[in-house]
Amino acid sequence: MSAESDTILINNGQRRLLAILLADMVGFSRLMGSDEEGTLARMRRNQREIIEPAIAEHYGRLVNAPGDSWLAVFESPLEAVRCALVIQQAVNARNVALPRTSWIQYRIGVNLGDVIVDASEGAVYGDGVNVAARIESKAEPGGVLISGGVYEQIKNKLVCGYQSLGDEKLKNITDPVHIYRVLPDPASVARARRRHAPGVMTALLATGAAAACVAAYPAVLGHRSVADLVLSPFRGAAGPSGPQTGPAAEAHAQRSGWKQPTALAAAANGAASSRPAAVPEAGGSLPPNPPRETTVPGSVQPVAEQKRREASPPGSAAGQRGFRDCEFCPELVEIPNGKFQMGSREDAAEQPVHEVAVRRFALARVPVSVGEWRRCFEAQACGFMPAGPDNAPARGISWNDAQQYVSWLSRTSGERYRLPSEAEWEYAARGGTSSRYWWGDAMLPKMVNCRGCGEPYDTNAPLGVGSAAANPFGLFDMGGGISQWVADCWHATYQAAPSDGTPWEAPGCRDRVLRSGSWRTGADAVRPASRTGYEAAIRHPSHGFRVARSF
Amino acid sequence: LKEFVMRASLLGTGLLLLSCVVAQSQTQAPNDAELYFISPRDGQRLRGAFTVRFGLSNMGVTQAGSSWANSGHHHLLVDVAEPLHPNEPIPSGNNYQHFGGGQTETRLQLPPGRHTLQLVLGDAEHRPFEPMVISRKITIHVLPPLERRPGPRR
C-alpha cells in the first residue's frame, strides 16, 4: 500500500480531493420551539445511533457537527452517497411512528471537491464545502442532491435513478453547478411497497426504496466477496499498487485514529477466519467443550441441573454457571459484554459483515421445553399447547405465541424477560469464535442436531433440549434442534443494521427473524451466522425459541 | 335447552378431537387439483427482481393453521434438489418460502444464474396433501445486472 492512502484525511493542511457530505436538519428552530429537550434528545440519538455508525461503515469521517447541521468527508463519492441514502432511510424510519409535525428530517448535499482538512480544528476548508452547502440547501426534506462531479463518479456504480435538475447558479459561487437528485429505481419502489402494511406504506415508500437502492448493489452482485466491494475505494486511491493486504488495511485504520471501519476490518480478517473476532471482555481464551456423551434433558428439577453442571468439563468459561429467577423459570447463563463481527460472507442475507457491541445479558441455556411451556398453558396465559415429552423443545410456536410466554414469565417472576435480539443470539452462538461453527469450519458428529449431521437423529422430531454439545458460553442448541425466534423484524440484508446489539425493528413488521436452523435443515443452516425470516403469526413445527433478559 | 347446548358442545369437542387425529395422517386433496406458475414462464430469462404468481385450480387458498376442506397455503421451493417427504411438514428456511397468510404472489431477487422454482401446497400443518399438490419444477435464468446504466432522465 502506498504511503499516500495511509495518510488519508489526517495530514493537516494538505489538500485532498474528497467527497463532502453536508446535512442540515429541517425546521430545527420550529422543533426546538415546540419541544426543546425532546428534540435535542432525539437529535443526539440520531447522531449516535444512525449518523455516526453509518459514516464509519462507509469509511467516512465526521468532521464537524455543531448542532443541527453536520459535515462528513469521504474518500469515495460512492460511499458518501450510499451513506447519505442509508442515513435518510434510517432517520425516516424513525419518523413513521410520529406525527408529521415532530418529524426530524435532513437535507443532504454531496459534492466532490479539492479541500483542506484541518483535523485538529475539526474543519474542512475550500470552495467544495461552500458548493456542498448550497446544493444541500436546495434538497427537499429527506432528499439527497449531488453535484455533477459526484454523479460522474457513481453513475455506473450505484444502481439508482438520477434526476438531472440542470445547471444551477448558486449564491456566491462563480460557475454554475449541475445538480442531480438521487432517486431509487422504479423496481425498488415496487419492492418496498410489497414489504410493508398499507397503513405505513406511503410514509415508507421513499425511505424503503432508498434502502433498496443501496441494498441492491451487494445483492445483485450475488456472492462476490465483501472484500472486493469494500476494498475497491482504497484500491482506487492507491493507484496501480494492486490488492490491499489485511495488515495494511488494519494499519491504515489504526493510524488514521478514527473509528475503525468495521466491514473493512472484517474483510481484512476474512482470510484468517479462525482468528477470534469476538473477544468477550470478561474471559480470556475460551476452550471449546468436547461433545457431551450423555443426554441431559432440560428438566426443571434441581437434581438434573446438578448433573448437567457436573457433566460440564472443567476449565470452561465464566458464563458456564447458570441461575434461575424462579422455580419454573428457564435456567439462564450470563453472557459477558463484548464486540464481534456479525454476519458472514457465505450468503447475501448475512452481509455486510459489521461490528456489533453487545452488552452483558442473560440467555437461556436451552430453548424453552414442553415442560416449561406447560406452566404458561396451565396458567391460561399461553393459548396453545405443543405436543411432545417434557424435555422436548416447545415447537410449533409462532413469534406471537413466544411473546405470550415471555410476558407471562415476566409477570410471574417479576423480571423483564424477552426474546434475545438477533445480534445477541449470534454473539452468544459464536461464543467468542469467528469460524463457520463455534468449534471450527467443518461439521463434526454429535455437535448439532441437524439433517446429515450424524447420529443420534430422528426424522420426525428434534432431540430433547441440551442433547448436543455446549458452546464456549455453556449454551446448548445454538444451532440445530429447533429454529429459534429472535426479537428483530426480518430485513433481507444488514444494510443499515444497528451496531449496539438492540433489536432491529420496523413499523408494521410482518416477518420476524429465525436463527439456528433446525433438525430438519442441513449443516449450512445451523451456522451461527445463518438467518431466515418467517411470518410472526404463523406456527411451524420446526420453530421454537429461547428467552433472554437484561441485567 | 341447556342440555342441548351441552351435548352440542360435547359433540363439537368430539369433532375437534377427531379432526386432530385425522390431521396426523395426510390431508386429502381432490384428484383434479392443479398447482402451476402464472409467472414467470419455464425457461424465462429475467433481470433484477421479479414477481412470482401462483396459480391453483380446483382448490382454495387459506391461512396456515386453517383446516378448511380442499384448501391449503403455498410454499415456494427455490433451488431445492432433494425430494419432499409426503408425511413430513414442508421445511422452513431460505430455500423454502412459506406463504402462511394465504399470499398468492411474491417478489424474488436471486443472484445471476440458473435457478429452479417449484410450488407445493401445504395443509394446516404445512404437510403436503395426498395426492401431493405440486407444480412442475420450472427453470429460470437470472441475467447479470446491466453494466451501464442509462443516463439521467431529463
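Across all chains, the predicted model holds 14 aromatic pairs. One of them joins Phe323(A) and Phe551(A) in a tilted arrangement, with 6.2 Å from centre to centre and 40 degrees between the planes. Because Phe323(A) belongs to strand β9 (residues 322–323) of chain A and Phe551(A) to the segment after β19 (548–550) of chain A, this pair ties together parts that are 228 residues apart in sequence. Phe323(A) is partly exposed, at a relative accessible area of 25%, and Phe551(A) is likewise partly exposed, at 44%.

The rings of Trp373(A) and Tyr405(A) are stacked, since their planes meet at 10 degrees, with the centres 5.5 Å apart. The former residue lies in helix α13 (residues 370–378) of chain A and the latter in helix α14 (residues 399–413) of chain A, so that parts 32 residues apart in sequence are tied together. Trp373(A) is buried, with a relative accessible area of 0%, and Tyr405(A) is buried with a value of 0%. Both belong to one aromatic cluster that includes Phe328(A), Trp408(A) and Phe545(A).

The largest nonpolar core comprises 37 residues, within which Ile87(A) and Ile146(A) have the most contacts. Its largest share, 10 residues, is supplied by α4(A). Apart from this core lies another, of 31 residues, including Phe545(A) and Ala402(A).

In helix α5 of chain A, the buried residues include Val131(A) and Ile135(A). Viewed down the helix axis, the buried residues of α5(A) fall within an arc of 160 degrees and therefore line one face. Ile135(A) is among the residues touched by Ile146(A).

Note on methods
Residues numbered from 1 in each chain as written. Chains lettered and ligands numbered in written order. Predicted model: local features only at pLDDT ≥ 70, side-chain atom pairs only at ≥ 80, totals over all residues. Heavy atoms only, no water. Core = buried A, V, L, I, M, F, W, Y, C linked by side-chain atoms within 4.5 Å. Buried < 20%, exposed > 50% of the residue type's maximum accessible area, 1.4 Å probe, protein only. Helix = DSSP H or I, 4+ residues; strand = E, 2+ residues; numbered from the N terminus. Contact = heavy atoms within 4.5 Å. Arc of directions from axis to C-beta. Phe/Tyr/Trp six-rings, centres within 6.5 Å; stacked < 30°, edge-to-face > 60°. Lists of a residue's contacts leave out its neighbours within four places in sequence.
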